[in-house]
Every structure is written in structure tokens, then in C-alpha cells.
Amino acid sequence: MLESSPGQPSNMPPVESSEGGSLTVEQAIANLTHPDLSLRYYAAWWLGKFRVSEPAAIDALIVALEDESDRTELGGYPLRRNAARALGKLSDRRAVSGLVRCLACEDFYVREAAAQSLGTLGDPICIPDLLWLLQDGVEAARPVSGRPHLAQPCEALVEALGLLAPGTEWQPEAIARIQPFLSHPVDRLQYATTRAMYQLTHETVYGDRLIQALAASDINLRRVALSDLGAIGYLPAADAIASSAAENSFKLFSLKGLLERQVREATPLSEAAIKVMDLMDSLL
Amino acid sequence: MVVIESTSVQPLINAIEKADSPERLIGAVRALAMARSEAGIPVLIKVLGYNNPGAAVVAVNGLVQMGAVAVQPLLVLLDDYNYGARAWAIRALVMIADPRALDVLLSAAMTDFAPSVRRAATKGLGMLQWQLLPEAQVTAAQFRVLEVLLAIAQDSDWSIRYAAVVGLQALATGSMRPEWLSQISATFQQMAETESDLAVQARVYRAIG
């Protein structure tokens with residue numbers, strides 16, 4: 001799916017979807033308590049996908065975070081996962097306390113979705129809870145035998161801390177907790193940590209490390225590095241991004257992150273911003 | 001342009017088909033591109049569908065250097081089923097800028113499902129070499145492009161709007177009717193005030209100058 005580029009917002013109107021037929025906002029909210037569990041699951045995804053941020057949708061999704069009816073064979077909570085993911089897209093901080101409770105859920109994927117959404121909602125009040133999941137240090141990033149994931153959703157936790165902890169009283173502890181993951185054998189966790197370390201310290205060594213990651217032999221890792229460089233808006237990476245071996249869509253979205261940081265911190269027409277725009281123009 | 005006999009490029013074509021690593025493929029494509037043989041054009045176009053961005057860039061550059069002679073094959077061989085290949089072919093057409101591509105670019109910009117194809121076509125619509133058209137057709141062609149770009153500038157996808165700004169800015173640098181120039185500048189003014197995406201807004205400021 002090369003075209004579903006990183007960070008691409010979904011601005012489609014809530015009229016129809018290819019799977020499961022069309023819904024209205026009222027139906028989707030009502031379906032969150034439908035007797036058919038698959039309709040609940042779909043409705044939660046739908047509300048996030050189409051950014052339905054009205055209070056009734058938020059309230060119903062917060063309730064769905066406590067759902068007990070929808071269980072997988074392995075004890076997972078599919079509806080909670082989708083509700084947690086949706087709430088991260090809806091920019092309503094009323095969801096924060098419910099998501100914090102999800103960090104204690106026995107289902108790894110609920111914890112992962114909650115950590116991601118807490119990162120995007122931007123409320124630093126959850127930082128101690130995120131840090132708590134990392135209290136076991138490298139043990140938290142130990143692979144779970146027979147499962148395709150680590151003990152804790154470290155990648156999501158690290159990224160959330162990179163977004164939330166800078167400038168807060170928890171900044172030193174966040175750095176201490178995540179720094180050991182810089183050498184973790186899972187590349188994606190390494191990159192997430194490198195990105196968060198840059199956000200927490202602004203040291204160029206971390207940005208430069210992500211530039212080096214653009215030369216990874218695996219295209220998926222190069223795409224992750226592009227997305228990370230865009231997320232931190234690391235200007236020295238501009239040329240390396242434009243000439244990296246990846247699809248133009250990924251490079252364009254990465255450079256957009258650089259441009260936006262320039263526009264926020266300087267002026268829209270600084271020399272650096274113009275240079276980034278020239279590179280973006282060439283990638284259209 | 002140096003054109004060599006088609007028989008002598010056959011080994012270069014074979015090398016592309018036999019390439020067993022991305023590096024060898026890129027090398028073989030470069031060799032064929034440098035030969036600048038008309039017989040190699042369909043092969044270079046085929047390479048656009050190999051899902052290898054490095055090789056595709058080399059092939060696009062080769063096609064662009066061939067210029068006008070590559071336009072008809074690019075139009076005819078446009079891949080309707082592979083959006084990656086289509087995006088590269090559209091980029092090649094955009095760089096050659098031959099107005100024979102006008103209809104293909106208009107429909108790609110308006111109706112293609114792949115954002116990468118739409119972005120490339122949208123930018124390219126503003127950059128066609130109008131002087132290659134019979135004089136009597138220039139005004140009508142420019143008007144169609146203007147209408148399409150103004151419509152695309154309202155798209156819901158930021159990257160398409162960004163491409164529309166680039167296309168409109170390029171269009172405005174060519175010679176065209178003064179009332180169309182003021183229409184473009186009015187659109188930019190309005191976008192500068194209402195555009196919600198920072199990157200697109202910055203690109204509008206730049207276009208306004």
C-alpha cells in the first residue's frame with residue numbers, strides 16, 4: 001500500500017466506505033452497542049477513520065474502552081483496541097483518563113493503541129503512566145515467546161514520550177528510561193528511540209543517525225526513517241531525504257515535516273523553507 | 001541526437017532482462033538510456049513498472065533526454081493497471097512538456113485514483129510548452145488547464161493542493177490572457193487567507209512572491 005502514505009490525514013466525508021456499506025454518524029454511534037459484535041468493531045474503526053469528533057461519539061468510544069463482550073481466543077479485546085485507536089484521532093482530551101486505564105490492560109494491542117493515542121492527544125498528564133510501563137528497563141523490550149511483539153509496546157511508548165515529555169519535569173526520567181533502547185536489536189524500536197531522543201535533547205547526533213538509516217537495505221526501514229525525520233522536522237536531512245531510495249510520496253511527506261517546522265519557527269519564506277519547497281516541487 | 005541501429009541495442013536490452021540484482025538492473029538501464037536508441041524506448045517504459053525507484057529514475061531521465069520521440073510511446077504504453085509505473089510515465093511526459101500529452105495529463109490530474117499520479121500531472125499541466133501547439137489552439141488549451149487547476153486547488157488532499165499551486169504558478173509565467181493571470185492571483189490571495197495546511201500555505205506565499 002504505497003499510497004497510504006505516513007501521516008496522511010483522512011479528509012474523506014463520512015458518506016460511504018468500500019467495506020461494510022455506508023453508515024451515518026448516528027448509526028455508527030448506535031452500532032457501538034449493537035448486539036452484533038462485528039458491527040461494534042467496525043463502527044469504532046469508522047468513527048476514527050472519518051474523524052467524527054462530536055461529543056456523543058467520544059462518549060460512546062470512551063465507554064467502549066471498558067468493553068467486556070468482544071474477546072479473541074487469546075484473550076484480546078478487539079473493540080477496545082479500535083476504540084483506543086479512534087480516540088487518538090479525535091483530539092478530545094476527555095479520552096485521556098480512559099486511555100490511561102487501558103495502559104494496564106492485559107491485551108498488548110490495547111496498551112499499544114492507548115500509548116499511541118495518548119501521544120497524539122498531547123496531554124502530558126499521562127507521562128508517569130507511560131514511564132511506569134518502562135520501569136523494568138530492557139525487560140520491557142524483551143520479546144514474548146510465541147508472540148510477534150515485545151513485553152511492552154515500547155515503540156509506541158517511546159514515541160509518545162518523545163512527543164509529550166520535552167519541557168516537562170519528567171524529561172530527565174524519560175531520557176534515562178528510553179536511552180537503553182538505542183541499541184535494541186529491533187530496528188524500528190531503535191529508530192523510534194532515536195527520534196524521541198532528538199525530541200528530548202535536540203542533539204544533532206540523533207538526527208544524523210536517522211539520516212544514516214535512510215541507507216538501510218530494507219525499504220520498509222527507509223520508509224520508517226523518512227517518517228521519523230519528517231516528524232522531528234530535521235532540516236539537515238533535506239537533501240538526503242530527497243535523494244533516498246524510496247517512493248516520492250514518502251519523501252514528499254517527510255519533507256513536509258521539515259517545511260512545517262521551518263514555517264512555525266522562522267518565516268514561510270526563509271531560505272531554508274524555500275530550499276525544502278524546491279525539493280518538494282521536484283518530487284511531485 | 002545520436003541514434004544507433006536497433007540491432008546494436010539488443011544486448012543492452014537483454015542485459016536488463018537478465019539483471020538479477022537491483023544494482024545490476026540500474027546499471028543495465030543506465031547503459032540503455034545512454035545509447036539513446038528509439039528501439040530502447042519501449043524497454044525503458046517497461047522498466048517504470050518494475051517497482052524499483054532507482055531504476056525508474058534512470059529510465060525517466062533517459063526518456064526525457066530522448067525528448068519528443070518518446071512522447072507517443074509514453075502515451076500509448078501508459079500502464080492503466082500499475083499506478084507506480086503510471087506516475088513515472090507521467091513524470092517523464094511532464095519533463096518533456098510536449099503539449100501532445102495535454103489530454104492524458106488532464107484526465108490523470110482530475111480522475112486518477114493514485115495521488116502520486118495526480119500530483120505529477122497537476123504540476124505538469126502548468127509547464128507545457130505552449131509554443132509547440134498550433135497558435136489557434138493555444139488559448140483553448142490554456143483555458144482547459146486553468147479551469148482544471150483551479151478546481152484541483154480545492155481538493156481535500158493537501159498534496160494535491162500543493163501540486164495545484166505549483167502548476168498554477170508555472171502556468172502564470174507563460175504568456176496568457178491578462179484576465180486569467182488575475183484569476184490565478186485572486187485564487188492565490190484567497191488560499192493565502194483560508195488554507196489550513198501550513199505547507200500548502202507556505203507554497204502559496206512563495207507563489208505570490
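The term pLDDT denotes the predictor's confidence in each residue, on a scale from 0 to 100. Helices (H or I, at least four residues) and strands (E, at least two) are DSSP runs, numbered from the N terminus. Chain B as a whole averages a pLDDT of 92, and 97% of the residues score at least 70. Where pLDDT is low, the predicted coordinates should not be read in detail. The model scores ipTM 0.86 and pTM 0.83.

This is a predicted model, in which local features need pLDDT of at least 70 and side-chain atom pairs count only at pLDDT 80 or more, while totals for chains, interfaces and linings use all residues; side-chain values use heavy atoms, with hydrogens and water left out. Residues are numbered from 1 along each chain as its sequence is written, and chains are lettered from A and ligands numbered from 1 in the order in which they are written.

**The interface of the two chains**

The size of an interface is often given as the accessible area lost when the parts come together. Buried area is accordingly the accessible area (1.4 Å probe) that two parts lose on being put together, summed over both. Chain A and chain B bury about 2300 Å² between them, and 63% of this area is on carbon and sulfur atoms. Contact means heavy atoms within 4.5 Å; by this rule, 26 residues of chain A are in contact with 25 residues of chain B.

Eight residue pairs are in polar contact across the interface of chain A and chain B (both at pLDDT 80 or more). A polar contact is a pair of N or O atoms within 3.5 Å; within protein, one must be able to donate a hydrogen and the other to accept it, and residues adjacent in sequence count only if both atoms are side-chain atoms. The rule also finds three salt bridges across the interface of chain A and chain B. Here a salt bridge is a side-chain nitrogen of Lys or Arg within 4 Å of a carboxyl oxygen of Asp or Glu. D197(B) forms a salt bridge with K256(A). On the side of chain A that touches chain B, the elements that give two or more residues are α14 and α15 of chain A. The largest share of that side, nine residues, comes from α14(A).

**Salt bridges in the structure**

Over all chains, the structure holds 27 salt bridges.

| Residue pair | Distance |
|---|---|
| R195(A) and E159(A) | 3.7 Å |
| D239(A) and K275(A) | 2.6 Å |
| D20(B) and R24(B) | 2.4 Å |
| D197(B) and K256(A) | 2.7 Å |

The side chains of R195(A) and E159(A) meet in a salt bridge. This pair links distant parts of the chain, 36 residues apart: R195(A) is in helix α10 (residues 187-201) of chain A and E159(A) in helix α8 (residues 154-164) of chain A. Buried means under 20% relative accessible area, exposed over 50%, and partly exposed in between (1.4 Å probe, protein chains only). R195(A) counts as buried at 10% relative accessibility, whereas E159(A) is partly exposed at 22%.

D239(A) forms a salt bridge with K275(A). D239(A) lies in helix α13 (residues 238-242) of chain A and K275(A) in helix α15 (residues 271-282) of chain A, so this pair ties together parts that are 36 residues apart in sequence. D239(A) is partly exposed at 42% relative accessibility, and K275(A) is partly exposed at 38%.

In chain B, D20(B) is exposed at 60% relative accessibility, and R24(B), its partner in a salt bridge, is exposed at 53%. In chain A, a network of salt bridges links E68(A), R71(A), R80(A) and E106(A).

**Buried parts of chain B**

Helix α8 (residues 115-125) of chain B is mostly covered, with 11 of its 11 residues buried. The cover of these buried residues includes α14 (248-265) and α15 of chain A, together with α6 (83-96), α7 (102-111), α9 (135-152) and α10 of chain B.

P99(B) is found in the loop between α6 and α7 of chain B and is buried, with a relative accessible area of 7%. P99(B) and L128(B) are 29 residues apart in sequence, yet 5.6 Å apart in space, C-alpha to C-alpha.
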